[in-house]
Amino acid sequence: MASKFQTKIINQFKKDGWTVLNVMKLSDSGYPDILCMKFGEVDRWIDCKEANDTLKELQMYRIDELNRLGKNAYCIQDTKGIIYP
């Protein structure tokens, strides 16, 4: 189930014309929660964290991996904004 914060981020990107997928489970663990795609834009992979949630080491690894592939990947935390990278 998506958190209220994650739903807010999804709705914001959809409003701006992005196709947004809530990534439930890929073949490997640790990938960000949502994938945002838009013609002419670099794919955005966003991990959404509630105010008291923490980013795990594997999640940081996946974000770094996606950025090395030319994607725009980051973790955003409610009330703090982007916390990684």
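Among contacts (heavy atoms within 4.5 Å) in the protein chain between residues at least 6 apart in sequence, 45% join residues at least 24 apart. The model is predicted: local features need pLDDT of at least 70 and side-chain atom pairs count only at pLDDT 80 or more, while totals for chains, interfaces and linings use all residues. Residues are numbered from 1 along each chain as its sequence is written, and side-chain values use heavy atoms, with hydrogens and water left out.

The protein chain holds two helices and five strands, these being DSSP runs (helices H or I, at least four residues; strands E, at least two) numbered from the N terminus. Along the sequence they follow the pattern α-β-β-β-α-β-β. Of the 85 residues, 36% are buried, that is, under 20% relative accessible area, whereas exposed means over 50% and partly exposed lies in between (1.4 Å probe, protein chains only).

Helix 2 covers residues 57–68. Its twelve residues should span 16 Å at 1.5 Å a residue, and the end C-alpha atoms are 17 Å apart, which agrees; the expected span is 1.5 Å times one less than the number of residues.

Which residues of helix 2 are buried? They are Q59, R62, I63, E65 and L66. These residues cover an arc of only 160° around the axis, which puts them on the same side of helix 2; the arc is that of the directions from the helix axis to the C-beta atoms. The buried residues of helix 2 pack against strand 3 (44–49), strand 4 (72–77) and strand 5 (81–84). On the face turned away from the buried side, E57 and R68 are exposed.
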